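Student: Please pick one part of this model and take me through it closely. Then show me how it sits among the other parts.

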Protein chains: 2
Amino acid sequence: MYLTQGLQRALQQTPERIVTICGERRRTFGEFGERVARLAAALQGLGMQAGDRVSMLAMNSDRYVEYMYGTWWGGGVLNPVNIRWAVAEIVYSLDDCDTRLLLVDDHFLPLVEGIRSTARHAPVFIYAGDGQAPQGMLDYETLLAEATPVADAGRGGQDLACIMYTGGTTGFPKGVMQTHLNLWSACVQRMAEINQGRDQRDLHVMPLFHIAGLARLVCSIMVGSTQVILPAFDPAQVLRTLEQEQVTDTVLVPTMILGLLAHPDFSRRDLSRFKRLTYGASPSVGAMIEQVVAKLPHLQLAHSYGLTEACPIVSTNPPQNHSPEARKNGLAGSVGRSGLGVLVKIVDEQGDEVPRGTVGEVIVRGPNIMQGYWNKPEETARALRDGWLHTGDGGYMDAQGYLFIVDRLKDMIVSGGENVYSAEVENVVARHPAVAMCAVIGIPHPQWGEAVHAVVVCNPGVKSSEDEIRAHCREYIASYKCPKTVEFRDALPLTGAGKVLKRDLREPFWVNNR
Amino acid sequence: MYLTQGLQRALQQTPERIVTICGERRRTFGEFGERVARLAAALQGLGMQAGDRVSMLAMNSDRYVEYMYGTWWGGGVLNPVNIRWAVAEIVYSLDDCDTRLLLVDDHFLPLVEGIRSTARHAPVFIYAGDGQAPQGMLDYETLLAEATPVADAGRGGQDLACIMYTGGTTGFPKGVMQTHLNLWSACVQRMAEINQGRDQRDLHVMPLFHIAGLARLVCSIMVGSTQVILPAFDPAQVLRTLEQEQVTDTVLVPTMILGLLAHPDFSRRDLSRFKRLTYGASPSVGAMIEQVVAKLPHLQLAHSYGLTEACPIVSTNPPQNHSPEARKNGLAGSVGRSGLGVLVKIVDEQGDEVPRGTVGEVIVRGPNIMQGYWNKPEETARALRDGWLHTGDGGYMDAQGYLFIVDRLKDMIVSGGENVYSAEVENVVARHPAVAMCAVIGIPHPQWGEAVHAVVVCNPGVKSSEDEIRAHCREYIASYKCPKTVEFRDALPLTGAGKVLKRDLREPFWVNNR
């Protein structure tokens, strides 16, 4: 099983069907296949060997899809760059997995020099924009025009397909190793539960560097349907596109959904073709569900719970669990039951399964589970034990196997659909000379679900300010990870063992929100 | 990925749901899971190690399903016995893959002594019937009652799941090696194309020793639905069961479908719940489709093309291709397009892809393709070349990728849904002292699709008769493989290279039938 199979099948069966719609540009599977085979040849010509990593730093576009399939077709491995990252984080990931080829669009040209001057091995830069390639960069379209299409390298199964970086609890992002088999089975698992067909039209507005966006795209190419691609989330543009391109399916995070519903254009758009909306990545969604049901009663809602390490879907709460009855009896608050081929257990600290209804750690097993973290055997061993992925999420399971997520044991904040690891932010805050101690938590935010909040204890006799701490953080980490608010205290609540009692810090903020 | 995952998921989510209905006996997933874990323990107690083969020689029953899952749960490999086989063939397969455990139901007790006395290693016989275990056999229910349930051995992925014997062109059956991954992906592939749910009720009347029956069952257990099991095909019983058990789904071969439609009970039964019928394994189905559409207009028909080596589905012609229009324009005569993750090509004798519309050999690639033939490296190398399974079937593909099967290059006869390899029958016929030369072909038969027909040239001055040849064959091979008719000639048409021109032999029989 390999990820280019779906493309090969579409090339054989529906070469005339439109595969990508990106602004005014529409390409058929036939054209896409030709460009993919040319890009594969070009990447090989630039030295890409089987298993080599290739990165892209870009907003969503049809070229992003070509990058994915061209890399796989040529035998390479994706290493997509998080577009929110600062240069230091980008360079860390490129260095960590020794990536020598980097595609960049117009939007990220300002970062090129910083990457070039600080990376251990400066990568070959390929300009994948619509203008003229800047000096020192190869031109994507020229490379394609000059290449001779090659045959599919046929990598698959246990071969690596993607190394995707996710925040690390130790403060360093970790490269999640996903094989062709992992992504293939995650997609097919989803398809076996939610009926999909060639006639659907998927809108891709979740960032493609993120597993939720990437896996959804892989799924749709496997089915052979049409992909409508937007560079990023803009509510007016999304509403217009849903109407104009007759989109049937999409996946969004609750923050985006609330943004659409609240937009003045919402009531002006005809969304009658829009059939299925999957959402995920937020701790409390009850109010959002009520709003969606009230405003788009024909829409089938599904809630997916997942993580990068599971490529990503662990469970899906299907449309029938969003009925008035399910919203009353609480089933709408579940993240559903484990998907096809996926096993989920709730265990205590000793690894023993707890009785139904008892909170414990969610652990997951299945063909979708990653191979481990790149170059991080210790963290891999902690995450994967006896074949089970330890998610770090706290949850319980009811008698029918429905899963409810109640807490994030691994101390992560989900803000606007992005995971922020407290430890990573704490490491940066602590580097500020005024800071003696700090704790970073998520607090409720009406738009982002959670906002990053720092509680700081200063060194004796030293003072700092919210602005100073925030400015300090912006030097080192992406702005979405930086504390939105900073609070100064004389001391932090500690356990007997000296660990910060984060639950006590969070409690006052959440008491009226859960 | 492993085949017991679906069961584990059902045990967690729907332990109270009925999983098997077999006559008056109904078992829930909870009960079934308990029995599976006990059977696994019993088999281990009898010496079954991880990877060891376990056979069953029985009509369909709920115990057959327990045998499948109990063997997998305990780490073993299925080696299901073809119930049509003669003792010599059974012993050949047991010896060939060194099977030491054999479950037998009441129906096949008469074969036990023959197997015991001729097998290289007499297996341990387990009586899996409803009466008293005969002397020299262990009792299935006693073994279960006395066992302590064990945990799932957790075999999966590339571990062998099943060795299933199929007729060989060289005259010996070949053990097709199917892994957990093969069967899993074949099932999920099907599910991703045909929407299935826990609420469906599958009727299993195709023999479970056969891949079409076994894979369908695996699929349904994976979904977590209810299985209605009949020991064998009896039209009155099938019609009664479809009505009484409110069956929604089944798979049948055209011979069976025609038998149902022609039965006097047909018009007396309420088949309104019966929704989806998959059929396969016959060269010409046009007349059958017209009859089904006329008599069961609400039924969704799907045609699957497959083979044991593909576990089994290669392609499926979906319900929409059975519309009046598709029946007029010929699309209803296709076997559909390659399934999800499966690639199909039509190649010439040099292995090069031929233009659309040109007949060549059908070759197939995908995660469902077998690992090879047990202990037969040469035949494996002939069948699997560069990752492609060479089916031996002749066919062509239209511009939209629809596959049409036109001939069986590997000289196989399909009679009542069973594959009969001419070479195997010819080897037996040729052993008769009167026979100088023979050729075995398939000729049209109104009920079986094809019937086995032998053309024989006797030794000079020697005479034989149809009855004598047929009686001779029945000593060595299953009765469905024995020639139904025997014709004597003075000579056979030969090619310049001395090969029998079978096409010339077949032509007169088929001229008005294709």
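Tutor: Helices (H or I, at least four residues) and strands (E, at least two) are DSSP runs, numbered from the N terminus. Ala145(A), for instance, lies in helix H6 (residues 140-146) of chain A. Keep in mind that this is a predicted model.

Where does S14(A) belong? It is one strand of an open sheet of 9 strands in chain A, with mixed pairing. Read the order across the sheet: S2-S1-S11-S10-S12-S13-S14-S15-S16. Strand S2 (25-28) and strand S16 (337-338) of chain A form the edges, and each pairs on one side only. In the order, S14(A) stands between S13 and S15.

A word on pairing in general. Strands of a sheet pair through backbone hydrogen bonds, either parallel or antiparallel. S14(A) shows these two ways, one with each neighbour.

Take strand S13 (residues 276-280) of chain A. It runs parallel to strand S14 (residues 300-306) of chain A, and 5 bridges join them. Find two of the bridge pairs. Arg276(A) has Gln300(A) as its bridge partner in S14(A). Gly280(A) has Ser304(A).

Now turn to strand S15 (residues 313-317) of chain A. S14(A) pairs with it over 4 bridges, in the antiparallel sense. Look again at Ser304(A). It stands opposite Thr316(A) in S15(A). Ser304(A) is also the bridge partner of Gly280(A). Trace across the sheet from Gly280(A) to Ser304(A), then from Ser304(A) to Thr316(A).

Is S14(A) mostly covered or mostly open? It is mostly covered: 6 of its 7 residues are buried. The rule behind that word is a count. A residue is buried if 20 or more other C-beta atoms lie within 10 Å of its own, and exposed if 12 or fewer do. Try the rule on two residues elsewhere in chain A. Gly392(A) is found in strand S21 (residues 388-397). It has 20 C-beta neighbours inside 10 Å, so it counts as buried. Ala145(A) has 10 other C-beta atoms within 10 Å, so it is exposed.

Next, the turn of the hairpin. S14(A) and S15(A) have 6 residues between them. Most residues other than glycine have a negative phi, and most peptide bonds are trans. Cys311(A), in this hairpin, takes a positive phi near 60 degrees. The peptide bond from Cys311(A) to Pro312(A) is cis, with omega near -20 degrees. Pro312(A) lies in the loop between S14 and S15 of chain A.

Check chain B for the cis bond. A cis peptide bond joins Cys311(B) and Pro312(B), with omega about -20 degrees. Pro312(B) lies in the loop between strand S14 (300-306) and strand S15 (313-317) of chain B.

Positive phi turns up in another loop. Asp98(A) is not a glycine, yet its phi is positive, about 50 degrees. Find it in the loop between helix H4 (87-96) and strand S5 (101-104) of chain A. In chain B, phi of Asp98(B) is near 55 degrees.

Strand S16 (337-338) is an edge strand in chain A. What about the two chains together? 21 residues of chain B are in contact with 21 residues of chain A. On chain B's side, strand S16 (337-338), helix H1 (5-13) and helix H7 (180-193) each supply at least two residues. That side divides into 9 nonpolar, 10 polar and 2 charged residues.

Last, compare another sheet of chain A. It is open, has 3 strands in the order S25-S26-S27, and its pairing is mixed. Its edges are strand S25 (435-445) and strand S27 (485-489). S25(A) pairs with strand S26 (residues 449-458) in the antiparallel sense over 10 bridges. One pair to find is Gly442(A) opposite Val452(A). Helix H16 (residues 502-510) of chain A lies across S25 and S26, at about 35 degrees to S25(A).

Conventions
Residues are numbered from 1 along each chain as its sequence is written. Chains are lettered from A and ligands numbered from 1 in the order in which they are written. This is a predicted model: local features need pLDDT of at least 70, side-chain atom pairs count only at pLDDT 80 or more; totals for chains, interfaces and linings use all residues. Two residues are in contact if their C-beta atoms, placed from the backbone, lie within 7 Å. Ala, Val, Leu, Ile, Met, Phe, Trp, Tyr, Cys and Pro count as nonpolar, Asp, Glu, Lys and Arg as charged, and the others, Gly among them, as polar. Two strands pair if DSSP finds at least two bridges between them. Axes are lines fitted to C-alpha atoms, for helices over the stretch in contact, and angles run from 0 to 180 degrees between N-to-C directions.
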